[in-house]
Amino acid sequence: MYDDILLPTDGTESMDDVYLHTLDLARRHDATVHVLYVVDDRAFLTLAPDLVDDVVDELEGEGNEATAAAEAQLDADRVETKAVLRRGDPAEEIIAYIDEAGIDVVTMGTHGANYRQNMVGSVSARVVANAPVPVLTVNVNGDGDDGDDGDEE
């Protein structure tokens, strides 16, 4: 059912819970996990051209570290992985990668306290609304005080 899982990452510690859900799915389905980091180029569109290269290099370095760390964790757990670094609008790049790589399911974090409010306009909301495959969202705040655990739309 799930041969290819997409794990978009921002490299933060908040991804730990998402990683655990991804690992569980990958083990159950003997799936390959595609770890995707998107350098959000919208963040530096207003910079002077001579600064853009430095910013891009720094952000790509962060992306390489994030994907390498996730890949190392998954490899240690004997899960086949593929690390990918892209540049663009994160939601658009995630959706495009789903189609290009034949992804079967996406696992990603969302901020949970007020799930629907926080999802409005967020990368997770846009992916959930537009993905042609199921998207498992995981509350990365761990606050769940409102009774909504963030695992559903």
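A residue is called buried here if its relative accessible area is under 20%, exposed if over 50%, and partly exposed in between (1.4 Å probe, protein chains only). Strand 4 (residues 105-110) is buried by that criterion on both faces: Val105, Thr107 and Gly109 lie on one side, and Val106, Met108 and Thr110 on the other. The model is predicted, so local features need pLDDT of at least 70 and side-chain atom pairs count only at pLDDT 80 or more, while totals for chains, interfaces and linings use all residues. Residues are numbered from 1 along each chain as its sequence is written, and side-chain values use heavy atoms, with hydrogens and water left out.

**Overall composition**

- The protein has five helices and five strands; helices (H or I, at least four residues) and strands (E, at least two) are DSSP runs, numbered from the N terminus.
- Along the sequence these elements follow the pattern β-α-β-α-β-α-β-α-α-β.
- Of the 153 residues, 44% count as buried.
- The exposed surface comes to about 8,200 Å², of which carbon and sulfur atoms supply 45%; accessible areas come from the Shrake-Rupley method with a 1.4 Å probe, and for residues only the protein chains shown count as cover.
- Taking contacts (heavy atoms within 4.5 Å) between residues at least 6 apart in sequence, 75% join residues at least 24 apart.

- Five strands form an open sheet in the order 3-2-1-4-5, with parallel pairing; two strands pair if DSSP finds at least two bridges between them.
- Strand 3 (81-88) and strand 5 are the edge strands, each pairing on one side only.
- Neighbouring strands of the sheet are turned by 25 degrees against each other on average, direction ignored.
- Strand 1 and strand 2 (residues 32-40) are parallel and share five bridges, and Leu6 has His34 of strand 2 as its bridge partner.
- Strand 1 (residues 4-8) also runs parallel to strand 4, joined by two bridges; Ile5 is partnered by Val105 in strand 4.
- Strand 4 and strand 5 (residues 135-139) pair in parallel over five bridges, with Val135 of strand 5 as the bridge partner of Val106.

**Strand 4**

- Six of the six residues of strand 4 are buried, so this strand is largely enclosed by the rest of the structure.
- In a regular strand the side chains alternate between the two faces of the sheet.

**Helix packing**

- Two packed helices are described by the angle between their axes and the distance between the axes.
- Helix 3 (residues 90-101) and helix 5 (residues 123-130) pack at about 35 degrees, with axes 9 Å apart; axes are lines fitted to C-alpha atoms, for helices over the stretch in contact, and angles run from 0 to 180 degrees between N-to-C directions.
- Helix 3 contributes Pro90, Ala91, Glu92, Ile94 and Ile95 to this contact, and helix 5 contributes Val123, Arg126, Val127 and Asn130.
- By class, the contact has six nonpolar, one polar and two charged residues; Ala, Val, Leu, Ile, Met, Phe, Trp, Tyr, Cys and Pro count as nonpolar, Asp, Glu, Lys and Arg as charged, and the others, Gly among them, as polar.

**Glu80**

- Glu80 sits in the loop between helix 2 (49-76) and strand 3.
- Glu80 counts as exposed because its relative accessibility is 56%.
- The C-alpha atoms of Glu80 and Val33 are 6.3 Å apart, although the two residues are 47 apart in sequence.
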